[in-house]
Amino acid sequence: MNNLRHLLLLGGGHAHVEVLRQLGQRPLPGWRVTLLTREEMSPYSGMLPGVMAGLYQPAQALIDMPALTARCGVELLLDRCTGIDPQARMVLRAGGPEIAWDLLSIDTGATPDTSRTPGAAEHALPLKPIDALLPRMQAITEAAQPGEHLVVVGGGAAGFEVACALAVRLPASVTLVAGASGLLAGFPDGLRRRAKRALARHGVTLSEGRNAARVAPGAVHMEDGETLPASAVIWATGAAAAPWLAETGLARDARGFLRVDACLRAEGHADIFAVGDVASFPEPLPKAGVFAVRQGPVLAANLRAVAMGETPQPYVPQQDYLRLLSLADGRALGTRNGFVFGGRWVWWLKDRIDRRFMARYQH
Ligand SMILES: Cc1cc2nc3c(=O)[nH]c(=O)nc-3n(C[C@H](O)[C@H](O)[C@H](O)COP(=O)(O)OP(=O)(O)OC[C@H]3O[C@@H](n4cnc5c(N)ncnc54)[C@H](O)[C@@H]3O)c2cc1C
(Lines give C-alpha, C1' and ligand atoms only; values in the text may rest on other atoms or scores of the structure.)
Protein backbone atom coordinates (compact mmCIF):
# COMPACT_ATOMS: atom_id res chain seq x y z
CA MET A 1 0.00 0.00 0.00
CA ASN A 2 2.79 2.43 0.99
CA ASN A 3 4.62 2.31 -2.31
CA LEU A 4 1.41 2.98 -4.22
CA ARG A 5 1.04 6.48 -5.52
CA HIS A 6 -2.09 8.44 -4.68
CA LEU A 7 -4.69 9.95 -6.99
CA LEU A 8 -7.06 12.20 -5.03
CA LEU A 9 -10.40 13.16 -6.60
CA LEU A 10 -11.93 16.22 -4.98
CA GLY A 11 -15.73 16.52 -5.30
CA GLY A 12 -18.29 14.04 -6.60
CA GLY A 13 -19.27 16.16 -9.59
CA HIS A 14 -20.48 15.12 -13.02
CA ALA A 15 -16.98 14.54 -14.47
CA HIS A 16 -15.67 12.57 -11.51
CA VAL A 17 -18.48 10.03 -11.57
CA GLU A 18 -17.29 9.10 -15.08
CA VAL A 19 -13.68 8.89 -13.87
CA LEU A 20 -14.86 6.53 -11.11
CA ARG A 21 -16.79 4.38 -13.58
CA GLN A 22 -13.79 4.06 -15.87
CA LEU A 23 -11.48 3.25 -12.95
CA GLY A 24 -13.90 0.50 -12.00
CA GLN A 25 -13.61 -0.96 -15.49
CA ARG A 26 -9.85 -0.47 -15.74
CA PRO A 27 -7.91 0.17 -12.51
CA LEU A 28 -4.71 2.25 -12.53
CA PRO A 29 -1.79 -0.09 -11.82
CA GLY A 30 0.52 1.25 -9.10
CA TRP A 31 -2.01 3.80 -7.86
CA ARG A 32 -4.60 3.98 -5.13
CA VAL A 33 -7.51 6.35 -5.59
CA THR A 34 -9.53 8.33 -3.04
CA LEU A 35 -12.64 10.45 -3.56
CA LEU A 36 -13.09 13.26 -1.03
CA THR A 37 -16.56 14.68 -1.32
CA ARG A 38 -19.09 16.46 0.86
CA GLU A 39 -22.27 14.58 0.09
CA GLU A 40 -23.09 10.92 0.32
CA MET A 41 -25.68 11.33 -2.43
CA SER A 42 -24.39 13.33 -5.38
CA PRO A 43 -27.17 15.13 -7.28
CA TYR A 44 -27.64 15.07 -11.03
CA SER A 45 -28.83 18.60 -11.68
CA GLY A 46 -30.63 17.75 -14.91
CA MET A 47 -33.26 15.84 -12.92
CA LEU A 48 -33.56 18.09 -9.86
CA PRO A 49 -36.40 20.24 -11.21
CA GLY A 50 -38.16 16.97 -12.04
CA VAL A 51 -37.82 15.96 -8.38
CA MET A 52 -39.30 19.29 -7.32
CA ALA A 53 -42.16 18.80 -9.77
CA GLY A 54 -42.86 15.35 -8.30
CA LEU A 55 -41.98 13.67 -11.62
CA TYR A 56 -39.09 11.75 -10.02
CA GLN A 57 -38.39 10.35 -6.60
CA PRO A 58 -35.29 12.02 -5.05
CA ALA A 59 -33.36 8.74 -5.26
CA GLN A 60 -33.72 8.77 -9.05
CA ALA A 61 -31.72 12.02 -9.27
CA LEU A 62 -29.03 11.11 -6.76
CA ILE A 63 -25.90 9.04 -7.25
CA ASP A 64 -25.05 6.88 -4.25
CA MET A 65 -21.35 7.66 -3.80
CA PRO A 66 -20.59 4.94 -1.19
CA ALA A 67 -22.03 2.33 -3.58
CA LEU A 68 -20.32 3.74 -6.70
CA THR A 69 -16.88 4.07 -5.08
CA ALA A 70 -17.16 0.59 -3.55
CA ARG A 71 -17.97 -0.88 -6.99
CA CYS A 72 -15.04 0.98 -8.54
CA GLY A 73 -12.41 0.07 -5.92
CA VAL A 74 -12.01 3.68 -4.77
CA GLU A 75 -11.77 4.80 -1.16
CA LEU A 76 -14.45 7.33 -0.14
CA LEU A 77 -13.92 10.11 2.40
CA LEU A 78 -17.05 12.10 3.22
CA ASP A 79 -15.75 15.47 4.28
CA ARG A 80 -15.48 19.08 3.15
CA CYS A 81 -12.28 20.24 1.51
CA THR A 82 -11.12 23.54 2.99
CA GLY A 83 -7.89 24.15 1.12
CA ILE A 84 -5.15 22.92 -1.19
CA ASP A 85 -1.41 23.33 -0.79
CA PRO A 86 -0.06 22.68 -4.30
CA GLN A 87 3.60 22.88 -3.24
CA ALA A 88 3.35 20.45 -0.32
CA ARG A 89 0.83 18.38 -2.35
CA MET A 90 -1.68 18.40 0.48
CA VAL A 91 -5.44 18.83 0.68
CA LEU A 92 -6.93 20.25 3.86
CA ARG A 93 -10.34 19.18 5.12
CA ALA A 94 -12.79 20.19 7.82
CA GLY A 95 -13.12 16.93 9.72
CA GLY A 96 -9.73 15.22 9.73
CA PRO A 97 -6.01 15.36 9.01
CA GLU A 98 -4.71 16.71 5.73
CA ILE A 99 -4.32 14.31 2.82
CA ALA A 100 -1.18 13.87 0.72
CA TRP A 101 -1.54 13.24 -3.00
CA ASP A 102 0.64 12.67 -6.06
CA LEU A 103 -2.04 13.60 -8.59
CA LEU A 104 -5.07 15.77 -7.82
CA SER A 105 -8.31 16.35 -9.72
CA ILE A 106 -10.84 19.00 -8.69
CA ASP A 107 -14.54 18.77 -9.63
CA THR A 108 -16.20 20.69 -6.81
CA GLY A 109 -18.64 22.75 -8.89
CA ALA A 110 -19.86 26.25 -8.10
CA THR A 111 -22.26 27.76 -5.57
CA PRO A 112 -25.23 30.05 -6.25
CA ASP A 113 -24.10 33.65 -5.89
CA THR A 114 -25.78 35.02 -2.77
CA SER A 115 -22.94 37.44 -2.01
CA ARG A 116 -24.22 40.40 -4.04
CA THR A 117 -27.69 40.68 -2.52
CA PRO A 118 -27.94 41.53 1.18
CA GLY A 119 -30.01 39.02 3.12
CA ALA A 120 -29.87 36.34 0.41
CA ALA A 121 -27.35 34.17 2.26
CA GLU A 122 -29.43 34.33 5.46
CA HIS A 123 -33.01 34.20 4.19
CA ALA A 124 -33.01 32.50 0.78
CA LEU A 125 -32.70 28.82 0.00
CA PRO A 126 -29.87 28.21 -2.49
CA LEU A 127 -30.18 25.33 -4.97
CA LYS A 128 -26.85 23.93 -3.80
CA PRO A 129 -25.63 22.15 -1.75
CA ILE A 130 -28.28 19.65 -2.46
CA ASP A 131 -28.19 17.90 0.91
CA ALA A 132 -29.52 21.12 2.42
CA LEU A 133 -31.97 21.75 -0.42
CA LEU A 134 -34.02 18.57 -0.55
CA PRO A 135 -35.18 18.48 3.10
CA ARG A 136 -36.05 22.18 3.00
CA MET A 137 -37.89 21.75 -0.30
CA GLN A 138 -39.85 18.96 1.35
CA ALA A 139 -40.77 21.34 4.20
CA ILE A 140 -41.79 24.08 1.74
CA THR A 141 -43.87 21.60 -0.25
CA GLU A 142 -45.69 20.35 2.84
CA ALA A 143 -46.30 23.86 4.20
CA ALA A 144 -47.41 25.50 0.94
CA GLN A 145 -50.99 26.78 1.08
CA PRO A 146 -53.15 28.69 -1.40
CA GLY A 147 -52.49 32.39 -0.88
CA GLU A 148 -48.82 31.87 0.02
CA HIS A 149 -46.15 33.38 -2.20
CA LEU A 150 -42.97 31.66 -3.31
CA VAL A 151 -40.31 33.73 -5.03
CA VAL A 152 -37.64 32.20 -7.25
CA VAL A 153 -34.72 34.57 -7.93
CA GLY A 154 -32.71 33.85 -11.08
CA GLY A 155 -33.90 33.89 -14.69
CA GLY A 156 -31.51 31.28 -16.08
CA ALA A 157 -32.36 27.68 -16.96
CA ALA A 158 -32.34 26.48 -13.35
CA GLY A 159 -34.56 29.31 -12.05
CA PHE A 160 -37.00 28.87 -14.93
CA GLU A 161 -37.31 25.11 -14.45
CA VAL A 162 -37.66 25.43 -10.68
CA ALA A 163 -40.39 28.10 -11.04
CA CYS A 164 -42.33 25.83 -13.42
CA ALA A 165 -41.90 22.88 -11.06
CA LEU A 166 -43.13 24.75 -7.99
CA ALA A 167 -46.10 26.25 -9.85
CA VAL A 168 -47.23 22.87 -11.16
CA ARG A 169 -46.68 21.07 -7.85
CA LEU A 170 -47.89 23.53 -5.21
CA PRO A 171 -51.06 25.48 -4.54
CA ALA A 172 -49.02 28.60 -3.63
CA SER A 173 -48.49 31.44 -6.10
CA VAL A 174 -45.04 31.68 -7.69
CA THR A 175 -43.08 34.73 -8.86
CA LEU A 176 -39.94 34.36 -10.95
CA VAL A 177 -37.52 37.28 -10.62
CA ALA A 178 -35.48 37.13 -13.81
CA GLY A 179 -33.61 40.37 -13.02
CA ALA A 180 -32.06 42.99 -15.26
CA SER A 181 -30.74 40.46 -17.79
CA GLY A 182 -34.25 39.08 -18.33
CA LEU A 183 -35.59 35.56 -18.74
CA LEU A 184 -33.23 32.97 -20.24
CA ALA A 185 -30.64 35.46 -21.48
CA GLY A 186 -28.51 33.85 -24.17
CA PHE A 187 -31.27 31.53 -25.38
CA PRO A 188 -32.86 32.13 -28.82
CA ASP A 189 -35.78 34.59 -28.89
CA GLY A 190 -38.17 31.88 -30.06
CA LEU A 191 -37.41 29.78 -26.99
CA ARG A 192 -37.79 32.75 -24.66
CA ARG A 193 -41.21 33.51 -26.15
CA ARG A 194 -42.33 29.93 -25.63
CA ALA A 195 -40.90 29.96 -22.10
CA LYS A 196 -42.91 33.08 -21.25
CA ARG A 197 -46.07 31.44 -22.58
CA ALA A 198 -45.37 28.40 -20.41
CA LEU A 199 -44.93 30.56 -17.31
CA ALA A 200 -48.21 32.33 -18.04
CA ARG A 201 -49.95 28.95 -18.50
CA HIS A 202 -48.62 27.81 -15.11
CA GLY A 203 -49.73 31.06 -13.46
CA VAL A 204 -46.17 32.18 -12.67
CA THR A 205 -45.71 35.94 -12.36
CA LEU A 206 -42.58 36.99 -14.24
CA SER A 207 -40.59 40.00 -13.07
CA GLU A 208 -38.00 41.21 -15.59
CA GLY A 209 -35.81 44.27 -16.01
CA ARG A 210 -35.03 44.94 -12.34
CA ASN A 211 -33.00 43.06 -9.77
CA ALA A 212 -33.81 41.95 -6.27
CA ALA A 213 -32.04 44.45 -3.99
CA ARG A 214 -32.47 42.77 -0.60
CA VAL A 215 -34.00 39.68 0.96
CA ALA A 216 -35.65 39.94 4.37
CA PRO A 217 -37.72 37.47 6.38
CA GLY A 218 -40.97 37.09 4.44
CA ALA A 219 -40.10 39.51 1.61
CA VAL A 220 -37.94 40.28 -1.39
CA HIS A 221 -37.29 44.01 -1.80
CA MET A 222 -36.79 45.00 -5.43
CA GLU A 223 -34.41 47.76 -6.54
CA ASP A 224 -37.31 49.96 -7.71
CA GLY A 225 -38.80 49.91 -4.20
CA GLU A 226 -41.49 47.26 -4.72
CA THR A 227 -41.75 44.57 -2.04
CA LEU A 228 -42.67 41.04 -3.04
CA PRO A 229 -44.19 39.01 -0.20
CA ALA A 230 -42.39 35.67 0.07
CA SER A 231 -43.10 32.78 2.41
CA ALA A 232 -39.98 31.19 0.87
CA VAL A 233 -37.28 32.48 -1.46
CA ILE A 234 -35.40 30.05 -3.72
CA TRP A 235 -32.03 31.39 -4.91
CA ALA A 236 -31.05 30.32 -8.42
CA THR A 237 -28.77 33.10 -9.66
CA GLY A 238 -25.45 32.71 -11.49
CA ALA A 239 -22.61 30.59 -10.23
CA ALA A 240 -19.98 31.84 -7.78
CA ALA A 241 -16.62 30.31 -6.90
CA ALA A 242 -16.10 28.76 -3.46
CA PRO A 243 -14.17 31.24 -1.25
CA TRP A 244 -11.55 28.66 -0.17
CA LEU A 245 -10.18 28.52 -3.74
CA ALA A 246 -8.68 31.99 -3.15
CA GLU A 247 -6.30 30.60 -0.52
CA THR A 248 -4.86 27.86 -2.72
CA GLY A 249 -2.47 30.08 -4.67
CA LEU A 250 -3.72 28.45 -7.90
CA ALA A 251 -4.32 30.78 -10.85
CA ARG A 252 -7.93 32.06 -10.93
CA ASP A 253 -10.02 34.09 -13.34
CA ALA A 254 -11.74 37.38 -12.44
CA ARG A 255 -14.70 35.49 -10.91
CA GLY A 256 -12.45 33.27 -8.77
CA PHE A 257 -12.66 30.03 -10.80
CA LEU A 258 -9.51 27.96 -11.41
CA ARG A 259 -7.79 28.68 -14.70
CA VAL A 260 -6.96 25.52 -16.64
CA ASP A 261 -5.07 24.83 -19.86
CA ALA A 262 -6.45 23.04 -22.91
CA CYS A 263 -5.73 19.66 -21.28
CA LEU A 264 -7.76 20.66 -18.15
CA ARG A 265 -4.65 21.08 -15.94
CA ALA A 266 -4.56 23.92 -13.43
CA GLU A 267 -2.39 26.61 -15.01
CA GLY A 268 1.29 25.92 -14.24
CA HIS A 269 0.60 22.62 -12.43
CA ALA A 270 1.13 19.37 -14.32
CA ASP A 271 -0.15 17.36 -11.34
CA ILE A 272 -3.48 19.16 -10.76
CA PHE A 273 -6.56 18.93 -12.97
CA ALA A 274 -9.78 20.94 -12.61
CA VAL A 275 -13.05 20.39 -14.51
CA GLY A 276 -16.70 21.39 -14.62
CA ASP A 277 -18.01 24.58 -13.06
CA VAL A 278 -14.95 25.10 -10.83
CA ALA A 279 -12.68 25.37 -13.87
CA SER A 280 -12.14 28.36 -16.12
CA PHE A 281 -11.23 27.03 -19.57
CA PRO A 282 -9.11 29.20 -21.94
CA GLU A 283 -12.18 29.62 -24.18
CA PRO A 284 -14.91 30.70 -21.72
CA LEU A 285 -17.59 28.03 -21.28
CA PRO A 286 -21.07 28.35 -19.74
CA LYS A 287 -21.38 26.93 -16.22
CA ALA A 288 -23.53 24.03 -17.37
CA GLY A 289 -23.49 20.39 -16.38
CA VAL A 290 -23.23 19.32 -19.99
CA PHE A 291 -19.60 20.53 -20.10
CA ALA A 292 -18.67 18.69 -16.90
CA VAL A 293 -20.27 15.56 -18.38
CA ARG A 294 -18.35 15.88 -21.66
CA GLN A 295 -15.08 16.58 -19.84
CA GLY A 296 -15.45 13.34 -17.84
CA PRO A 297 -14.00 10.92 -20.44
CA VAL A 298 -11.20 13.36 -21.39
CA LEU A 299 -10.30 13.81 -17.73
CA ALA A 300 -10.31 10.03 -17.17
CA ALA A 301 -7.96 9.55 -20.13
CA ASN A 302 -5.69 12.42 -19.05
CA LEU A 303 -5.41 11.28 -15.44
CA ARG A 304 -4.43 7.84 -16.72
CA ALA A 305 -1.93 9.33 -19.17
CA VAL A 306 -0.22 11.49 -16.52
CA ALA A 307 -0.25 8.62 -14.01
CA MET A 308 1.53 6.47 -16.62
CA GLY A 309 4.00 9.20 -17.58
CA GLU A 310 2.33 9.91 -20.91
CA THR A 311 1.13 13.14 -22.50
CA PRO A 312 -2.45 14.32 -21.82
CA GLN A 313 -4.74 15.29 -24.71
CA PRO A 314 -6.61 18.57 -25.17
CA TYR A 315 -10.31 18.82 -24.46
CA VAL A 316 -12.21 20.25 -27.43
CA PRO A 317 -15.53 21.79 -26.32
CA GLN A 318 -18.53 21.33 -28.58
CA GLN A 319 -19.49 24.55 -30.37
CA ASP A 320 -23.20 24.17 -29.72
CA TYR A 321 -25.06 21.76 -27.53
CA LEU A 322 -28.57 20.51 -26.99
CA ARG A 323 -30.28 22.51 -24.26
CA LEU A 324 -33.49 21.08 -22.84
CA LEU A 325 -35.76 22.75 -20.29
CA SER A 326 -38.47 20.90 -18.41
CA LEU A 327 -41.85 22.64 -18.19
CA ALA A 328 -42.78 20.27 -15.33
CA ASP A 329 -46.04 19.22 -17.00
CA GLY A 330 -44.79 16.43 -19.23
CA ARG A 331 -43.51 18.88 -21.82
CA ALA A 332 -40.13 20.47 -22.43
CA LEU A 333 -38.50 23.12 -24.60
CA GLY A 334 -35.28 22.59 -26.47
CA THR A 335 -32.78 24.36 -28.67
CA ARG A 336 -29.78 23.38 -30.74
CA ASN A 337 -27.93 25.19 -33.53
CA GLY A 338 -30.46 28.02 -33.36
CA PHE A 339 -33.50 25.74 -33.82
CA VAL A 340 -36.19 25.84 -31.16
CA PHE A 341 -38.65 23.04 -30.45
CA GLY A 342 -41.03 22.00 -27.72
CA GLY A 343 -43.71 19.55 -26.67
CA ARG A 344 -44.22 16.17 -25.13
CA TRP A 345 -41.67 14.46 -27.35
CA VAL A 346 -38.98 16.90 -26.09
CA TRP A 347 -39.75 15.92 -22.49
CA TRP A 348 -39.61 12.26 -23.58
CA LEU A 349 -36.17 12.91 -25.08
CA LYS A 350 -34.91 14.78 -21.99
CA ASP A 351 -36.21 12.06 -19.67
CA ARG A 352 -34.52 9.38 -21.79
CA ILE A 353 -31.16 11.22 -21.87
CA ASP A 354 -31.25 11.87 -18.11
CA ARG A 355 -32.25 8.32 -17.20
CA ARG A 356 -29.54 6.91 -19.46
CA PHE A 357 -26.95 9.13 -17.78
CA MET A 358 -28.03 8.03 -14.31
CA ALA A 359 -28.11 4.34 -15.23
CA ARG A 360 -24.37 4.46 -15.91
CA TYR A 361 -23.63 5.37 -12.30
CA GLN A 362 -26.52 3.94 -10.31
CA HIS A 363 -26.22 0.30 -11.36
C1 LIG B 1 -31.70 23.09 -10.38
C2 LIG B 1 -30.57 23.06 -11.39
C3 LIG B 1 -30.83 22.56 -12.66
C4 LIG B 1 -29.80 22.53 -13.59
N5 LIG B 1 -30.09 21.98 -14.82
C6 LIG B 1 -29.09 21.88 -15.72
C7 LIG B 1 -29.36 21.27 -16.99
O8 LIG B 1 -30.47 20.83 -17.28
N9 LIG B 1 -28.33 21.18 -17.87
C10 LIG B 1 -27.08 21.65 -17.58
O11 LIG B 1 -26.17 21.53 -18.41
N12 LIG B 1 -26.80 22.24 -16.38
C13 LIG B 1 -27.76 22.36 -15.45
N14 LIG B 1 -27.50 22.95 -14.23
C15 LIG B 1 -26.11 23.41 -13.95
C16 LIG B 1 -25.34 22.22 -13.38
O17 LIG B 1 -25.88 21.89 -12.13
C18 LIG B 1 -23.87 22.49 -13.14
O19 LIG B 1 -23.30 23.11 -14.24
C20 LIG B 1 -23.17 21.14 -12.88
O21 LIG B 1 -23.70 20.53 -11.72
C22 LIG B 1 -21.68 21.32 -12.72
O23 LIG B 1 -21.12 20.08 -12.51
P24 LIG B 1 -19.77 19.93 -11.73
O25 LIG B 1 -19.30 18.54 -11.97
O26 LIG B 1 -18.86 21.03 -12.08
O27 LIG B 1 -20.12 20.16 -10.18
P28 LIG B 1 -21.32 19.68 -9.28
O29 LIG B 1 -22.29 18.86 -10.00
O30 LIG B 1 -21.80 20.90 -8.58
O31 LIG B 1 -20.61 18.74 -8.21
C32 LIG B 1 -19.71 19.23 -7.26
C33 LIG B 1 -19.44 18.14 -6.25
O34 LIG B 1 -18.39 18.56 -5.39
C35 LIG B 1 -18.78 18.42 -4.03
N36 LIG B 1 -18.14 19.51 -3.32
C37 LIG B 1 -18.32 20.83 -3.49
N38 LIG B 1 -17.54 21.53 -2.66
C39 LIG B 1 -16.85 20.63 -1.93
C40 LIG B 1 -15.88 20.73 -0.92
N41 LIG B 1 -15.45 21.91 -0.45
N42 LIG B 1 -15.38 19.60 -0.38
C43 LIG B 1 -15.81 18.39 -0.83
N44 LIG B 1 -16.71 18.23 -1.80
C45 LIG B 1 -17.22 19.34 -2.34
C46 LIG B 1 -20.29 18.53 -4.05
O47 LIG B 1 -20.83 17.91 -2.92
C48 LIG B 1 -20.62 17.80 -5.35
O49 LIG B 1 -20.60 16.41 -5.16
C50 LIG B 1 -28.51 23.02 -13.28
C51 LIG B 1 -28.26 23.53 -12.01
C52 LIG B 1 -29.27 23.55 -11.07
C53 LIG B 1 -28.96 24.11 -9.70
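Which helices each supply at least two residues of the shell around the ligand? They are helix H6, residues 157-169, and helix H8, residues 289-307, where a helix is a DSSP run of H or I with at least four residues, a strand is a run of E with at least two, and both are numbered from the N terminus.

Before I go on, a word on what we are looking at: this is a predicted model, in which local features need pLDDT of at least 70 and side-chain atom pairs count only at pLDDT 80 or more, while totals for chains, interfaces and linings use all residues. Residues are numbered from 1 along each chain as its sequence is written, and side-chain values use heavy atoms, with hydrogens and water left out.

Let me stay with the ligand. It is surrounded by 28 residues, and the closest are His-14, Ser-45, Cys-81, Asp-107 and Asp-277; a residue is counted here if one of its heavy atoms lies within 4 Å of the molecule. The largest share of the shell, three residues, comes from H8. Sorted by class, the shell has seven nonpolar, 12 polar and nine charged residues; in this scheme Ala, Val, Leu, Ile, Met, Phe, Trp, Tyr, Cys and Pro count as nonpolar, Asp, Glu, Lys and Arg as charged, and the others, Gly among them, as polar. At least three residues of the shell come from each of domain 1, which is 5-110 + 241-307, and domain 2, which is 113-236, with bounds taken from an automatic or database domain assignment.

As for individual atoms, an oxygen atom of the ligand is 2.8 Å from a polar backbone atom of His-14, and an oxygen atom of the ligand is also 2.8 Å from an N or O atom in the side chain of Ser-45. At Arg-38, a polar backbone atom is 3.2 Å from a nitrogen atom of the ligand. The ligand taken alone exposes 990 Å², and the protein buries 89% of that, with areas from the Shrake-Rupley method and a 1.4 Å probe.

Now to the strands, where two of them pair if DSSP finds at least two bridges between them. S15 is joined to strand S16, residues 219-222, by four bridges, and Arg-214 has His-221 in S16 as its bridge partner.

Another open sheet of three strands runs S23-S24-S25, again with antiparallel pairing. Its edge strands, S23 (323-326) and S25 (339-343), each pair on one side only. Strand S24, residues 332-336, is joined to S25 by five bridges, and Leu-333 stands opposite Gly-342 in S25.

Finally, strand S7 (residues 90-93) and strand S8 (residues 96-100) pair in the antiparallel sense over three bridges, and they form a hairpin with two residues between them. Here the bridge partner of Met-90 is Ala-100 in S8.

Technical notes. A polar contact is a pair of N or O atoms within 3.5 Å; within protein, one must be able to donate a hydrogen and the other to accept it, and residues adjacent in sequence count only if both atoms are side-chain atoms.
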